[in-house]
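Hi there,

Here is the structure I promised to pass on. Have a look at it first, and my notes follow below.

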Amino acid sequence: QVRQVQGAAQVALRLASLAVNWLADKLIVTKERGASKLAKPKELLDLWAERYRFREMNRGVGYYSPDRNFEEFKDRLRKLPKDRKERYALSVYGGAALVAPYLRWNVNYVYIQGDAKEWVDALELKPVESGANMILTTPFDDFVFYMTQKKDGVTVVSNIQLYLDLFNFNDRAREQAEVIYKSRISF
């Protein structure tokens, strides 16, 4: 029902109603007796992916991490204090490597909540103008933290968010997005 959409999306009831009606017009949602049902989930995901741009919609700042490899980086994340462990989520290539490995990469992207300076200190990062191996990303919307998952003791965005982040990132990332879709997203 529209109220459930409103609650899940944390938007105004009017906006949720407009969205459901728009999706019904596109035949992605069917409406019966006051309830709506998602009829074409892949088409909805495709519409979302077409419009979502990770780099344009989120604010990322590059840093140098002293970690020599991904294992050291994961250890650093695992050792974060409990209150901080609940305020980040790994995405893009590092997140994909934990969910459905496919590509090699050299830059980790981490969504963060809270003061970026505290994250820089906690992860022992150094600011750089070029050659960053860590991008701290402030999301345009905290919805990126919805349904995060634990993989190898590290918090990763949901498979849907991972797919969206990778889809328009670059051509190689789109290949990784398709691997995520085929192996981890089922409708």
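Let me start with the cavity. β3 (59-64) and β7 (134-138) each supply at least two residues of the lining of the largest cavity, where helices (H or I, at least four residues) and strands (E, at least two) are DSSP runs, numbered from the N terminus. This is a predicted model, so local features need pLDDT of at least 70 and side-chain atom pairs count only at pLDDT 80 or more, while totals for chains, interfaces and linings use all residues. Residues are numbered from 1 along each chain as its sequence is written, and side-chain values use heavy atoms, with hydrogens and water left out.

Searching the whole structure gives 1 cavity of 30 Å³ or more, and the largest has a volume of about 30 Å³. A cavity here is a set of points, on a 1 Å grid over the protein atoms alone, where a 1.4 Å probe fits but cannot get out, and lining residues have an atom within 4 Å of a point. Grid points are joined across faces, edges and corners, and the volume is the space filled by probe spheres set on the points. The lining consists of Arg59, Val61, Tyr63, Ile112, Ala116, Leu136 and Thr138, with β3 giving the most, 3 residues.

Next, helix α3 (residues 41-51). Its residues Pro41, Leu45, Leu47 and Ala49 are buried (under 20% relative accessible area; exposed is over 50%, partly exposed in between, with a 1.4 Å probe and protein chains only). These buried residues pack against α2 (13-25), β2 (35-38), α9 (159-167) and α10 (171-184). From α9, Ile160 is in contact (heavy atoms within 4.5 Å) with Leu45, Trp48, Ile185 and Phe187, leaving aside its neighbours within four places in sequence. Ile160 is partly exposed, at 26% relative accessible area.

Finally, the salt bridges (a side-chain nitrogen of Lys or Arg within 4 Å of a carboxyl oxygen of Asp or Glu): the whole structure has 13. One of them joins Glu50 and Arg51 at 3.8 Å, N to O. Another pairs Glu72 with Arg68, with the closest N and O atoms 2.5 Å apart; Arg68 is exposed at 71%, and Glu72 is partly exposed at 22%. In helix α5 (residues 70-78), Arg78 and Asp75 lie 3 residues apart, about one turn of the helix. Salt bridges that share partners join Glu71, Lys74, Asp75, Arg78 and Asp152 into one network.

Best wishes

Methods
On a 1 Å grid over the protein atoms alone, a cavity is a set of points where a 1.4 Å probe fits but cannot get out, and a pocket is an open set with protein on both sides within 12 Å along at least five of seven lines; lining residues have an atom within 4 Å of a point.
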